[in-house]
Amino acid sequence: MKKYLSTLALLGVFTSLNAQTNDNFKEFRPEGEKSVRSGMDISPDGKTVAIAGMQGYPLFIYDWKNDKILKKFDVGNWYAGSKVDYSHKGTYLLLQQTFYNDYSPNKDREVDFEIVDAESGKIVQKINKAHSVKIANSETFYVVLSGDKVDFHELPSGNKIKTLNIDKATNAVAISPDGKQVAVSHRPTLEQVKNAPTIRNDKKAKKAIKPALKYREMIAIYNVETLKKEKTVNELYDIVYRLQFSEDGSKLYSYSIPHTKMQVSTAGRQGYIYAIDMPSGTPSREAYMTLAPYEPDFKEYKDKEIFVVVSNDKFAEVVIYNLNNGRPLVKFNLAMRLGDAFRTGMGVDARASFAILPNNKIYIASGTKSIIWDPEL
């Protein structure tokens, strides 16, 4: 595997962005809405954004061009709100329960999910205590990772189609855009650890094997039709919390955070989003750092050759990286003065969510504040 930009070097470049300013933004409330927001996603046609509420506030569908709330749905009614993902054709919204601090350190995560009809707001399916849920781009089925199995279900009926059993499965599953493959995170075997490049090329490999077995994970790719394993990505990762294919399927992104016994950063809970070339399953050199204390939003934008991710530096922030080499370019930090918060009635919390608009601007939601940012790239 090609070497990434060193952690210290990346932290140095990342921190240097603190002094950078960018005044091309506006703060507002969507149609004057004063409720607290938790997550958001833009519709496939780019005309609306779905913005989830928290503390009992509803999710709303917002026409961002005309500053108009079109619909409100009483869904995802979890105290700390939810993440929101539109399905590929825009028929459904996938809501994932969130927490103010999204992780029990080092433990597999089980949360609740809802699949919602994006037109009517009706809850189509409720999935309780699952590690990960993904809707296929065809919108004909969805998968649920729970324990050591991935269950395939029809949409909208929810009828179970089949089950893929995976020994030592962990937290993350993803479906390729063509619906032919699923990627699943799992704990490695001794043989897999010994064959991983980071161990095989380590002169002190014997000392590294035991921690790798306890604290690292791997990613396997399975055929959806046959349920046979096609390949295992030959690299060790920290605890994997999210897998996400790129829109064209050429990349598989893996978001992971080190086990606390493997965490060396003093800057916060440092996580990385690693890129894997598909269909070969070869680890790529690109990596994008985040200090978010929860599962962050991230998205590639090939038109601009950028990668956008939520991070944290005392306050939530949105960081833009060069898509091709992982170097940070510019960031927007939601830091604000307490007096301004009282004066405007708009405040942020430790979390943020974003959507890339068709006009290349970035819509950021945090707390009671919305921001549209025109980054200088």
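This is a predicted model: local features need pLDDT of at least 70, side-chain atom pairs count only at pLDDT 80 or more; totals for chains, interfaces and linings use all residues.

A: A strand here is a DSSP run of E with at least two residues, and strands are numbered from the N terminus.

Q: What backbone feature does K129 show?
A: The general idea is that most residues other than glycine have a negative phi. K129 is not a glycine, and yet its phi is positive, at about 50 degrees. N360 is another non-glycine residue with a positive phi, in this case about 75 degrees, and N360 sits in the loop between β26 and β27 (362-366).

Q: Is N360 buried or exposed, or does it fall in between?
A: The scale calls a residue buried under 20% relative accessible area and exposed over 50%, with partly exposed in between. N360 has a relative accessibility of 30%, so it counts as partly exposed. For the protein chain as a whole, buried residues make up 56% of the 377 residues.

Q: Which residues are joined by a cis peptide bond?
A: As a general rule, most peptide bonds are trans. In this model a cis bond joins L155 and P156, with omega at about 5 degrees, and P156 is placed in the loop between β12 (149-154) and β13 (160-165). A cis bond also joins M278 and P279, where omega is about 10 degrees, and P279 belongs to the loop between β20 (271-277) and β21 (282-290).

Q: Which residues touch the most other members in the largest nonpolar core?
A: The idea of a nonpolar core is a set of buried residues of the nonpolar kinds, joined through side-chain atoms within 4.5 Å. The largest one here has 32 residues, and those that touch the most other members are I219, L243, L252, Y253, I273 and F307. Apart from this core there is a second, separate one of 20 residues, which includes V348, I356, I371 and W373.

Q: Is K251 buried or exposed?
A: K251 lies in strand β19, residues 251-257, and its relative accessible area is 17%, so it is buried.

Q: Which side chains make polar contacts with the side chain of K251?
A: A polar contact pairs N or O atoms within 3.5 Å. The side chain of K251 is joined to that of D277 by such a contact of 2.5 Å, and it also makes one with the side chain of S284, at 3.5 Å. K251 and S284 are 33 residues apart along the chain, while their C-alpha atoms are separated by 8.9 Å. Beyond neighbours within four places in sequence, the residues in contact with K251 include Q244, S246, M278 and E286.

Q: How many cavities of 30 Å³ or more does the whole structure have, and which residues lie closest to the centre of the largest one?
A: A cavity is a space where the probe fits but cannot get out, whereas a pocket is open. The search finds 3 cavities of 30 Å³ or more. The largest has a volume of about 120 Å³, and of its 14 lining residues S38, K83, T98, Y294 and E295 are closest to the centre. Strand β2 gives the largest share of that lining, 3 residues, and the lining is made up of 5 nonpolar, 4 polar and 5 charged residues.

Q: What volume does the largest pocket have, and which residues are closest to its centre?
A: Its volume is about 1,300 Å³. The pocket is lined by 41 residues, of which D41, Y86, Q244, E247 and K299 are closest to the centre. By class, the lining divides into 21 nonpolar, 8 polar and 12 charged residues, and the strands that each supply at least two of its residues include β2, β6, β18 and β22 (298-301).

Definitions and conventions:
Residues are numbered from 1 along each chain as its sequence is written. Side-chain values use heavy atoms; hydrogens and water are left out. Buried means under 20% relative accessible area, exposed over 50%, partly exposed in between (1.4 Å probe, protein chains only). Helices (H or I, at least four residues) and strands (E, at least two) are DSSP runs, numbered from the N terminus. Contact means heavy atoms within 4.5 Å. A polar contact is a pair of N or O atoms within 3.5 Å; within protein, one must be able to donate a hydrogen and the other to accept it, and residues adjacent in sequence count only if both atoms are side-chain atoms. On a 1 Å grid over the protein atoms alone, a cavity is a set of points where a 1.4 Å probe fits but cannot get out, and a pocket is an open set with protein on both sides within 12 Å along at least five of seven lines; lining residues have an atom within 4 Å of a point. Grid points are joined across faces, edges and corners, and a volume is the space filled by probe spheres set on the points. Ala, Val, Leu, Ile, Met, Phe, Trp, Tyr, Cys and Pro count as nonpolar, Asp, Glu, Lys and Arg as charged, and the others, Gly among them, as polar.
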